[in-house]
Amino acid sequence: MRSNENNAKKILFVSSELAPFSKVGGLGDVVSSLPAALCKAGAEACVLTPAYGSVEGKGGVLDKVRDLKQCEINKLPVPVVVALSGVPVYCDIYEAEIDGVTTWFIENSDFFTGNIYPSYVSFGSIRPFILLSLAALELYRAVDWIPDVFHCHDWPTATLPIALLWHNYYSWFYKDSKSMFTIHNLAHQGVFRPEGFFEQTGIDRSCFCYNGIEFYDNINLLKGAIVSSKNITTVSPTYAVEIQTPEGGVGLEGVLRVHSAKLRGILNGIDTDYWNPGTDKYIVAPYSIEDLSGKKANRSELIRKCSWEEDSRPLIVCVGRLVEQKGFDLVLSAIPHLADNKARYIFLGTGNLNLEKGLLCAQQLHSDNIKFFKGFNEELAHLIYSGGDIFLMPSLFEPCGLSQMISMHYGTVPVTRAVGGLSDTVFDVELNKDGNGFLFFDYTQDSMLSAISRAIRLFSDEAEWTELMKRGMQTDFSWNRSALSYLDIYNKT
Ligand code: ADP
């Protein structure tokens, strides 16, 4: 909530995604839940994000906000104007109070169309994100509020900290404001040819150097944000270590090591009001740790949706972007073993066409054991988290991962690879007496299959399994602790 009346730190979240209106993955979830947690902890956190696909306040994201939150949206009388190549670009700003957080949606139908991310990165294709970043610096004219900290997320908003340090005017105007940058996924860096960037943005070309935003003759926005931001966080302690190694650094490990004094890994949380099996409006029967009976009803509904007959084999489920990162090539290579009748598998996802084809093919060959729902489907995701028995997440790398936390919160036991944030949240039952899932270490079919087999074996022991489910459901995945860690950094900034 914005107040301008107290001494609370004023934080502006600037993000390309905001769940559930414009969500592609976990970034959208984080930006929809962390600001609310910060407000509860005493900060004044607001959000700026694009009104994708909206025209004059209608359609696209803005209509989703009205439908899903039933809240009022007000168009502010003063637009934001950004100079790109000296030409003014006008953007309307719409304000809504969402779950106690003042949220500003920026609309310009030439820039913020129906798509969130371009299919390829070039200076032309990422201009909407440059506009978003610079508009955040002009926003004060429309909202009469100047943040102490601009908290930016991933390469789409990296132009903002770069401008705060290397734009002659903004560096002077915002000399008392600071930038904080969170790396949600180092694999995406926003790399493109430099032609046009400096002329359009007014950012000083002197930063196109080894110690600035230059990377092998290209612009690398993520590198620029790492160098220019006052503080950097990433989304789990283990990932903060991994990205400083050649194996996990995606070429930026050296830069991250140089700037490691300002890097911290803070584990993401989930919005436990939204992801709550007791109140979830997308599932057929609510349940809780005290009374798990509703979970069985959701399981039956999920089985019905797959056009299968009820039986006692475990349902192994998987929700995620179909990309190499999530380990789907490992899954596809193991299909003949997975289809051995010991369990049934349900996948929900969209992304890489070859992976989609592979899963479709697996479904056709083994329709009694394997079901693939292609697409992004929030409602179905909730049913899958609640109706599944085991959640499979064999990621090649995983900055934090929210899906394993959501699944544990819904009593669906994770089988994951021990990497990144999965190592910080999933603890193997055979290695820890308080374990909450199953881990495997090597990125190989055999390791994954052996962890799945261990889970299937334990599933047949109902009493043990119920204890395991309950341990996951009891774990505190809320933002409470991590929000305080963020506050601590803002306050020291
Ligand atoms: P990432 O950010 O790498 O995509 P996370 O595990 O951090 O992975 O977050 C993924 C989020 O996106 C979760 O909320 C998950 O439920 C959701 N999600 C991913 N794919 C789908 C899909 N096909 N349909 C619905 N929700 C999805």
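Predicted model: local features only at pLDDT ≥ 70, side-chain atom pairs only at ≥ 80, totals over all residues.

Residues are numbered from 1 along each chain as its sequence is written, and side-chain values use heavy atoms, with hydrogens and water left out.

**Stop 1: the ligand**

The shell holds 24 residues, and the closest are Gly26, Asp29, Arg321, Lys326 and Tyr385. By class, the shell has 9 nonpolar, 9 polar and 6 charged residues. Here Ala, Val, Leu, Ile, Met, Phe, Trp, Tyr, Cys and Pro count as nonpolar, Asp, Glu, Lys and Arg as charged, and the others, Gly among them, as polar.

Now show the polar contacts (pairs of N or O atoms within 3.5 Å).

- Gly26: a polar backbone atom, 2.6 Å away.
- Arg321: a polar side-chain atom, 2.7 Å away.
- Ser403: a backbone N or O atom, 3.1 Å away.

How much of the ligand's accessible area does the protein cover? It covers 93% of the 570 Å² that the ligand has on its own (Shrake-Rupley method, 1.4 Å probe).

Colour the elements next. Helices (H or I, at least four residues) and strands (E, at least two) are DSSP runs, numbered from the N terminus. H1, strand E15 (344-349), helix H15 (378-387) and helix H16 (403-409) each give two or more residues to the shell. H15 gives the most, with 3 residues.

**Stop 2: H1 and H20**

Select 26-40 and 480-492. The axes of H1 and H20 come within 9 Å and cross at roughly 70 degrees. That makes H1 roughly perpendicular to H20 (65 to 115 degrees). Axes are lines fitted to C-alpha atoms over the stretch in contact, and angles run from 0 to 180 degrees between N-to-C directions.

Leu34, Ala37 and Leu38 in H1 meet Ala483, Tyr486, Leu487 and Tyr490 in H20 (heavy atoms within 4.5 Å). This contact has 7 nonpolar, no polar and no charged residues.

**Stop 3: H18 and H19**

Move to 445-459 and 462-474. H18 and H19 pack at about 115 degrees, with axes 7 Å apart. Ala455, Leu458 and Phe459 in H18 meet Glu462, Glu464, Trp465 and Leu468 in H19.

**Stop 4: backbone details**

Select Ala19 and Pro20. A cis peptide bond joins them, with omega about 0 degrees. Pro20 sits in the loop between strand E1 (10-14) and H1.

Finish at Gln70, where phi is near 50 degrees, a positive value in a residue other than glycine.

Technical notes: Parallel < 35°, antiparallel > 145°, perpendicular 65-115°, else oblique. Near = heavy atom within 4 Å. Polar contact = N/O pair within 3.5 Å; in protein donor to acceptor, adjacent residues only side chain to side chain.
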